[in-house]
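Open the model in your viewer and keep the selection tool ready. This tour goes from one selection to the next and says what is there.

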Amino acid sequence: MLRQDINELLTRTGPGTPMGEMFRQYWMPACLAEELAEDGCPPVRLKLLSERLVAFRDSYGNYGLIDEFCAHRGASLWFGRNEEGGLRCPYHGWKYDTTGQCVEVPSEADNSSFAENVKLTSYPLVKVGDVLWTYMGDPAEQPPLPEFEFALTPPEHHYTSKRWQQSNWLQAFEGGIDSSHVTFLHSGGLKSDPLFKGAKGNQYNLNDTKPFFEVADSEGGLFVGARRNAEEGSYYWRITPWVMPSFTMVPPRGDHPIHGHFWIPIDDENCWAYSFDYHPVRPLTEAERQAMVDGHGVHSKNIPGTYRPEANMDNDYLMNREKQRTGEWYSGVEGIAIQDSSLQESMGPVVDRTKERLVPADSGIIKARQKLYRAATALRDKGVTPPGVDPAHHHVRSAAVVLPQKEAFLDAARDDVRVRPGFPISSV
């Protein structure tokens, strides 16, 4: 079990909290590039780390992320007119540029001198891959841009989606490094999901329900190794990298694309689950991309015009008890992503970890919590930069490999879990 004060520290991410300040050391996904697809398009409401913000792309193509509310009377700038290099509040015409600087106050005779003393909170917003990233920390400490492999591959090699999850970020993230549930919760998907099925590794998953876990430190976080029995004298290893604070990669299957997630706090009771697929050495096929668009694999089928899944808390995730009974969908819920979110949301907005009874299969989760706690308190107490800020820490891959029983997994798979441009993923 986890002490209540530690649970509070790890789950609260608003301004001034230890974990909130730690998240603010990193570049984080703020929204998808598709949400601001054109110069001068409508602004987008965002809530990140409990701060209400507006993202926009001005008429000249510059991206901005600023306080949602006009400095005059507090009207939401989501209603703003995107015009001539800025966002104009429709209430009284105050206009702001992408840095949050007020550039026009039409009611004032000395418009320019008044406006120059008005500036909203703002954060940088930068496109890398098909994601718009923001850094919400001290501008003087801004790190280099992220270098995660999926975002740096050619556009035809990757696909990214997002969905709203109605739970705290930590219980969502913990599902991302928990390999033992795959044998149960996702057993139907291993047989039928077009982005999973057909891989030899699926049989290892289904035949061995008692994986053994080893966890190794990395510069940016952890490598979580889940070991299952394979042919005589060998083990099947699924190796999940975690880069702090919330980047995880799912071990691949066969020649299917490799996939993973970011878990980004909206507030303490909601998060964004960003899900990506990519192949480092070939474009995605038309069928693979269409399967992702249709919500297969780690992606979800969302309500049109939104990023809320069609199967959600309000409709009991479209539970099908008959397919649960037959085992087609082990939990009665369709789709890898929604199978995860349904159970993680069922724990409540913030799970009470003082009531848990953890087992050896939870060793990755235990060590991740310890590393998060140490990093957040070291930043708070001593100003120590946490792991994962350095882009060199981003150069990792997940892997699914068969290794001789006598070999230590990370020693034997060291090349498999690092980015090697031009080399395919290591997958069974």
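Start with helix H11, where Ile 336, Ala 337, Ile 338, Gln 339, Asp 340, Ser 341, Ser 342, Gln 344 and Glu 345 are buried. Bear in mind that this is a predicted model. Counted over the helix, 9 of the 11 residues of H11 are buried, and H11 is mostly covered. Then step just past the end of H11 to Gly 348, which takes a positive phi of about 100 degrees.

Now select Gln 344, which is found in helix H11. Is Gln 344 buried or exposed? Its relative accessibility is 6%, so Gln 344 counts as buried. Leaving aside residues up to four places away in sequence, Gln 344 touches Gln 165, Ser 167, Gln 171, Ala 172 and Gly 175.

**The second largest pocket**

Together with Gln 171, Gly 175, Asp 178 and Met 347, Gln 344 is among the residues nearest the centre of the second largest pocket, which has 17 lining residues. This pocket holds about 370 Å³ of space. If you colour by residue class instead, the lining of the second largest pocket shows 6 nonpolar, 4 polar and 7 charged residues.

**The largest cavity**

The model has 3 cavities of 30 Å³ or more, and the largest cavity has a volume of about 280 Å³. Select His 181, Val 182, His 186, Val 250 and Asp 340 to find the centre of the largest cavity; they lie nearest to it among the 24 lining residues. Which element gives the most to the lining of the largest cavity? H11 does, with 4 residues. H5, strand S15 (234–243), strand S17 (258–267) and H11 each supply at least two residues of this lining. By class, the lining of the largest cavity divides into 11 nonpolar, 8 polar and 5 charged residues.

**The second largest cavity**

Next, go to the second largest cavity, with about 150 Å³ of space. It is lined by 20 residues, and Tyr 26, Trp 27, Phe 148, Met 244 and Pro 245 are the closest to its centre. Strand S1 (27–32) and S17 each supply at least two lining residues here, and S1 gives the most, with 3. How many charged residues are in the lining of the second largest cavity? There are no charged residues in it; the lining has 16 nonpolar and 4 polar residues.

**Residues 27–134**

Select residues 27–134, where UniProt, in an unreviewed entry, places the feature "domain: Rieske". This span is 5% helix and 41% strand, and its end C-alpha atoms lie 5 Å apart.

Within this span, select Cys 31 and Cys 41. The whole structure holds 0 disulfides. Cys 31 counts as buried because its relative accessibility is 0%, and Cys 41, at 10%, also counts as buried.

**The largest pocket**

Move on to the largest pocket, with a volume of about 550 Å³. Of its 28 lining residues, Gly 295, His 296, Trp 329, Glu 334 and Gly 335 lie nearest the centre. The elements that give two or more residues to this lining are helix H7 (187–192) and helix H11 (336–346). The lining of the largest pocket divides into 10 nonpolar, 11 polar and 7 charged residues.

**A last stop in a loop**

From Gly 335, find Met 319: the two are 16 residues apart in sequence and 11 Å apart in space, C-alpha to C-alpha. Met 319 lies in the loop between helix H9 (286–293) and helix H10 (321–326). At 33% relative accessibility, Met 319 counts as partly exposed. Show its contacts to finish: with residues up to four places away in sequence left out, Met 319 touches Ser 331, Gly 332 and Val 333.

Notes: Residues are numbered from 1 along each chain as its sequence is written. This is a predicted model: local features need pLDDT of at least 70, side-chain atom pairs count only at pLDDT 80 or more; totals for chains, interfaces and linings use all residues. Side-chain values use heavy atoms; hydrogens and water are left out. A disulfide is a pair of cysteine sulfur atoms within 2.5 Å. Buried means under 20% relative accessible area, exposed over 50%, partly exposed in between (1.4 Å probe, protein chains only). On a 1 Å grid over the protein atoms alone, a cavity is a set of points where a 1.4 Å probe fits but cannot get out, and a pocket is an open set with protein on both sides within 12 Å along at least five of seven lines; lining residues have an atom within 4 Å of a point. Grid points are joined across faces, edges and corners, and a volume is the space filled by probe spheres set on the points. Ala, Val, Leu, Ile, Met, Phe, Trp, Tyr, Cys and Pro count as nonpolar, Asp, Glu, Lys and Arg as charged, and the others, Gly among them, as polar. UniProt positions are given in the numbering used here, feature names are shortened, and annotations may be inferred rather than shown by experiment. Contact means heavy atoms within 4.5 Å.
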